[in-house]
Structures are given as structure tokens and as C-alpha cells.
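The following exercises are meant to be worked with the sequence and the coordinates at hand.

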Amino acid sequence: MRSAWVVYAVLIVLALVAPFIGLYPVFGMKLMCFAMFACAFNLLLGYTKMLSFGHAAYFGFSGYVTGWLMTVHGWGAVEGLLAGVVTSALLGLVIGAIAVRRQGIYFAMITLALAQLVFFVCLQASFTGGENGLQSIPRGSLMGLVPLANDLTMYYFVLVVFIGVYLLIRRVIDSPFGQVLKAIRANEPRAISIGYKVDRYKLQAFVISASIAGLAGSVKALVLGFVTLSDVSQGTSGEVILMTLLGGSGTFLGPVIGAGVVVTLQEYLSDLVGAWVSVIIGAIFVVCVMIFRRGFVGEIQRLFVRP
Amino acid sequence: MTTVFGIPLPAILGQLMLGLVNGSFYALLSLGLAVIFGLLGVVNFAHGAFYMLGAFAAWIGLQYFGVNYWWALLLAPLAVGALGIVIERIFLRHLMTLEPIYGLLLTFGIALIAEGVMRSQFGASGKSYPVPTLLRGVFNLGFMILPIYRAWAIFASVMVCFVTWFLIERTRLGSRLRAATENARLVQAFGINVPVMVMLTYGAGVALAALAGVLAAPVIQVSPLMGNSLVIVVFAVVVIGGMGSIMGAIVSGLSLGMVEGLTKVVYPEASNIVVFVIMAIVLIWRPTGLFGKEA
């Protein structure tokens, strides 16, 4: 376990100095947003074995809410982000309550279909700006004290949020609640027979995951200053699955690494190859599923950590 | 003019007919999904992509090789079905022992590849496919005008659905298929080649999707993304109908198409989401779906 803390210390130092050694802050922030998103998703897929195929709904919708409140109603950054989290928690509660009634493959299809419903609502509602999305969202300031317009200030704010979210997820997984989730992952009928109200635990995990996904989406709206329909689309839902799978689902650091790889690939490939990006993403999906199901971190653990 | 709740009757009937056309595509697609799921336990996310490839196969055949509509109706499903068989052999077969979500993820990746390849080759814009000469023109039913091609599309889909239902529920081949769904190992022990059966079933399900694509080509724009959102609606249809039931897939496909058509008249803004809303209601009321059996 000591080696894990060494890794974390190195990573945090790296993240702190990164803007000064060549990392473009906006790119770094985008990376952290997707890493939070993937960590939230991993809470479901990795620790409860629930494949949500519609996580973009929370990510995108809360981005819209935050963006709308800050652009049209002049809310501050903290209130805007909080509103986004609360909205996505409620959305997760409604969708989760319907979806946890079925398991496995049905769960995936139901979350996908309900996320598509959210997509169409965003397409047609007036506050989302329809096809145009929301543009030039201000970053506001922290309680009127620290303005966030500066990229470097914003970078450290996002870093703090990111570390907070990461620690929160670790805490959730290591708590008795997390142990129950793992028990459900290992053998759901058995968890039921022991007397756990499995559906309630699953719903709680779903709401936590949706809230964090929403926070990631809201922060992303502030960082980039825009929210578009692609943020709530099934493509984004697919990407977060890929990030988690590629990095290693059910590991702490896996989703972060997966998000890093996928975001970097997209950033550099989209200029280079155009429409082939989706072919490459699809091919990575196929490779992951066929021969790389443990992901980067999972494979490394298998090689170096003896059980 | 006759009106129902203040809406002119021809408008209602017209949208109902359009809805029935969509519904017959839903029925064909959800039928294929149900057949594949029954035997392979795989939710075929690439179903929409195969539907798109079927339409493109017809369009490419006409543009570059002069293959007419009627031949396309036969050849496109064969070609796309063959592609499906290759995918089953190379990929899906090796996932049979794993959890079903891997099949879903794999076919999602395949759908991304298929859509990306077609988009980089043919662009994102829609291509129009001419209605075959034999099926041009309209029927004047007095109360409404019905394009002949639409009537044909409904008729052809319903016939294909019925034949598929008959094959699976009423023939010897179908009884073996159903037996393999129940217990593949036992059926194999009786000397039936289950892996070949699985492979051909996947090919047949994919061919059905491609057939729906060819049937749809003259009424919609052929584009790389035409199957992308359709497949999600079809998933919802399948969840509503209950995945195990062939008849359930057909009936719910047709009726949800009509419901969607009706919504277009009554409250157009909701026409995109009505199927998902119905799905949510059905799940709250009957989690196994309307025709579903298992718990």
C-alpha cells in the first residue's frame, strides 16, 4: 500500500507543476473533467457491475443547467456547480429508480433509452439553445472572492475539485457501503438472501455516480465555456465506458488513465484523421473487449501484485 | 371535413400510416434482435449499423453496379448477413462464455467502426434512393392518399415477420433453435451442430436488419447515421415487448410505430420521446415487459 501513496504523491506534484512544464491548462482541466466522469462511471461498472449506457445524460444535462444559470441568471461558480450536482442527482434518482428494476443487459438498454429521452428534451427545450447549445458561459468567481477567468486559477480550482472527488470515491468504495456494493458485484442473489435490500444499495450507488458525473459536466461547462448536444449524446456515454474499460474497470486509478488516453487521442487525432476517429475508437473498443478486458491498471496489477 | 378531437381525420390516418411504415421497420429490427438475443444472449448494438449497411448496399449496388431494387432486396441481406457471420466467427464466438455485457460493448464498437468507415467514404449527408418503377404512384382510398411504396413496405415487412415467426415457432428447425436457447449443451449432445446454428442465426438476424434497410432506403435518406438513433428506439421497443418473445417483438414494433405516428398529430414535440416514456411506464408497471416471461 505504501507504493500506492508514493504514486499518488508523484502524481499530485506532477499535476501541480504541470502548467509550468508545458501542459496547456485548458487541456489539463478537460482531462480532469473526463477523469472525474470516468471515476463516477467506474463506481457503477467497476464496483457494482451495473453497465449504465446513458451516463452522458447526467454529464450533459447538469452542464446545461449550470451554464444556463450562470449565463442567463448570473449565478456564481459555486452555486452554479451545486445546482448542476443537485439536478443530476435528482435525474439519477428518477432514472435509477426505473432502471434498477432490471439487471444486466436490460439495465444497460433502459439507461440508454432514458438517456436518449434526456437527449431529445435537451434538443427541444428552449433553455439549452437547441442545436446551437450554450455558448460563452462565464466562469464567474468563487463566492465573489476569487475570479476564475484566469486559466491558471481555474486549473488549480479544478485540481482541488478533482482530488476531492477522487478521495470521496475512494472513501465510498472503502466504506461498509462499498463493501456491500462489492458483495452485490460478486453474487447478487446471495447478497439478497443474506438480507441486503440490493435495489436500494444499487439506487444509492447510481445517484452518487450520477451526481459526480453531473459535477464533472458542470465543471467542464465552466472550463470550456460551452455545452453542446454532443455532451448529452450516446457517443459521450460510449466514450466514458471506453475510458473506464481501457484504464481498468474496478481499479481506482484506471478510469483516470483511460480518460487521459481517450481525451488525448481525440484531441490529436480529430485534426489528423477526421471521420476516422470513430473508427479508431470503435477498434479500441473491440480490442479492449476481445483481449484487454482488465485494462491498463488491471493488467499491471496482475503482473506485479501477487494475490 | 370529419374531425376527431378537432383534428382532421385524413391527417390522423396519414400519420397513422406513416407510423405503421416506421413500425414495420421497428418490428423487423426488434425481431432480429430478439432472435439473436434468444440464441446468443447478445444484445446486438450493431443492429442499427447493419440496417444502415443494408440500405447502403442497395444504394451502392444501384449507383455503381446497376443492381435494381428487386435484386438488392435479395443480395443486400445476403451480403450483410455474410458480414455478420464473419463477425460472429472472429469475435462474438469467443465471448460466449463471458458476461453478456461484453457482447453489447463489442457490437457497440463494431457499430462505431461501420458508421465511421461509411462516413469517411460517403460523407454524412443523406443519399436518395429512387422508388422502383413498379411501385411508383399512389392508391386513392377516398379518405386518404396512400403511396404504393409505403403499402408495399408494410406488406413486405409483415410477411417477413410472419414467415420468421412461423419458422421459429412452427417448424422442426425452429424447435431445435428454441431447444438450443433453453439448453445448448443438451441439444449439442443430441448431435445437432449448435455452433453452426448459432452462427447462421446471427447471420439471419443481421440479414433481417439489412432487409429492413433496403425496404427503408426509398422512403428515407440513406446516410451513415440512419441506424444510430434508430437502434435505441428498437431497444426500447424490445424492452417494452419483452425480449424473449418473437410475437411480442412484432406486435410491439407495429403498435409503437402507430403510437409514434399518432403523437406526431396530437403533440409533435413529444413524438421523439413517446416510445421511451411508454417504456418507463411499462417498466414501472410490469418490469418483465408486456410479453416477457422470465423474472
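**Exercise 1.** Among contacts in chain A between residues at least 6 apart in sequence, what percentage join residues at least 24 apart?

*Solution.* The model is a predicted one. Of the contacts in chain A between residues at least 6 apart in sequence, 78% join residues at least 24 apart.

**Exercise 2.** Describe the make-up and overall dimensions of chain A.

*Solution.* Begin with the secondary structure, which in chain A consists of 13 helices and two strands. The radius of gyration of chain A is 19 Å, close to the 19 Å that the globule rule gives for 307 residues, so chain A is as compact as a globular protein of that length. Its C-alpha trace spans about 50 × 45 × 40 Å along the principal axes, and buried residues account for 49% of the 307 residues in chain A.

**Exercise 3.** Which helix of chain A gives the most to the side that touches chain B?

*Solution.* First, 32 residues of chain A are in contact with 33 residues of chain B. Next, α5 (104–124), α10 (234–247) and α12 (276–291) of chain A each supply at least two residues of that side, and α5(A) gives the most, with 13 residues. By class, the side of chain A that touches chain B comprises 22 nonpolar, eight polar and two charged residues.

**Exercise 4.** How are α1(B) and α8(B) oriented, parallel or antiparallel?

*Solution.* Helices α1 (residues 9–40) and α8 (residues 194–216) of chain B pack at an angle of about 170 degrees, with their axes 9 Å apart. Because angles over 145 degrees count as roughly antiparallel, α1(B) is roughly antiparallel to α8(B). The contact includes Phe25(B) and Leu28(B) of α1(B) and Val198(B) and Tyr202(B) of α8(B), and its residues divide into 17 nonpolar, three polar and no charged.

Conventions:
Residues numbered from 1 in each chain as written. Chains lettered and ligands numbered in written order. Predicted model: local features only at pLDDT ≥ 70, side-chain atom pairs only at ≥ 80, totals over all residues. Helix = DSSP H or I, 4+ residues; strand = E, 2+ residues; numbered from the N terminus. Rg over C-alpha atoms; globule rule 2.2 N^0.38 Å. Buried ≥ 20, exposed ≤ 12 C-beta atoms within 10 Å, placed from the backbone. Contact = placed C-beta atoms within 7 Å. Nonpolar A, V, L, I, M, F, W, Y, C, P; charged D, E, K, R; others polar. Axes fitted to C-alpha atoms, helices over the stretch in contact; angles between N-to-C directions. Parallel < 35°, antiparallel > 145°, perpendicular 65-115°, else oblique.
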